[in-house]
Amino acid sequence: MQQTALITGATSGIGKATAQFFAKNNIRLIICGRRIEKLQQLQQELSEFTKVHILQFDVRYNEEVQKAINSLPSEFKHIDILINNAGNAHGLNSIQDGSIDDWDAMIDGNVKGLLYVSKAIIPQMVKRNNGFIVNIGSTAGKDVYPNGNVYCASKFAVNALNKGMRMDLNQHNIRVSAIHPGLVETEFSEVRFKGDTERAKTVYKGYKALQPEDIADIIYFVVTRPYHVTIEDLIVYPTAQASATIIHKEN
Ligand code: NDP
Ligand code: 8X3
């Protein structure tokens, strides 16, 4: 039977690449994000492969999240796979110089947003005794790096929530996995540096960073294992990266 996946943060980067990968492998899609024109473009692109439904909402606002999920038409209501991917870093400042707005955006988006979306979808999975949740963490959720403070804290929370979900949902036969990428070349740094594209580019200069398709390929691998197999936790680095701060650059 054809499966349905809901992907948050599908307008760019890892989420978009995952939507493309899933569509080409005949998974029906609910693609989510705030930028409606990006969602519409992606829907148009992928509709030749699978059915695609758009949900535009901001994960930071629980009411918006619940309303969006409740609005799903009947053929998209049954969600087999939830990819909790939406998230970003905002700023790269010391704790003493950090901005409260940036902190709110990261805690509200990366942690509370993931919870709100999960809360809206878990009940149907519990009812069916079936489902798969993939949480996109980060190597920043495994090790703290200088000036990473609140972003790292938000991803440590994702790491903890992944473990907690797996324990609590175990009795309901629901699979839960986390994937923790190192540096992936997406819009991530552009967002972190507030549109400073030159600074963002330097993050990926002098080595081959992971590409969003690399992570999408791994997500697809994780969700297509036999049902009795769960890859709980997966750390993925570019070969040139040995830790948050050790990156072998050619120039
Ligand atoms: P991008 O900036 O390319 O994509 C982020 C996605 O999240 C966009 O689709 C954006 O959609 C969505 N998003 C962000 N905030 C919100 C919000 N408040 N409400 C709804 N959607 C939101 O970055 P990546 O693809 O790199 O990031 C995807 C995930 O991977 C994030 O959780 C990030 O922390 C994680 N990650 C990234 C790494 C990297 O090096 N790039 C490494 C490790 C983890 P829109 O703006 O349209 O709402
Ligand atoms: C994104 C990777 O190292 O910029 O989560 O935090 S890093």
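This is a predicted model: local features need pLDDT of at least 70, side-chain atom pairs count only at pLDDT 80 or more; totals for chains, interfaces and linings use all residues.
Residues are numbered from 1 along each chain as its sequence is written, and chains are lettered from A and ligands numbered from 1 in the order in which they are written.

Let's start with strand E5, residues 132-136. Helices (H or I, at least four residues) and strands (E, at least two) are DSSP runs, numbered from the N terminus. Why is E5 largely enclosed by the rest of the structure? Because five of its five residues are buried, meaning that 20 or more other C-beta atoms, placed from the backbone, lie within 10 Å of the residue's own; exposed means 12 or fewer, and partly exposed is in between. Phe132, Val134 and Ile136 cover one side, with Ile133 and Asn135 on the other. In a regular strand the side chains alternate between the two faces of the sheet.

Now for the neighbours of E5. Strands count as paired if DSSP finds at least two bridges between them. Strand E4 (residues 81-84) runs parallel to E5 over four bridges, and Ile83 stands opposite Val134. Strand E6 (residues 175-181) is also a parallel partner of E5, over five bridges, with Ala178 as the bridge partner of Asn135. From E5 the chain crosses through helix H6 (residues 149-169) to E6, and this β-α-β crossover is right-handed: with the strands pointing away from the viewer, the path from the first strand over the helix to the second runs clockwise. E4, helix H5 (residues 100-128) and E5 make a right-handed unit too.

Next, helix H3, residues 62-70. Its buried residues include Val65, Ala68 and Ile69.

Finally, the ligands. A residue is near a molecule if its C-beta atom, placed from the backbone, lies within 6 Å of it. Of the 31 residues around ligand 1, Gly9, Gly13, Arg34, Gly87 and Phe188 come nearest. Helix H1 (13-24) gives the most to that shell, with three residues. Which residues are around ligand 2? They are Ser138, Thr139, Ala140, Gly148, Leu183 and Ala244.
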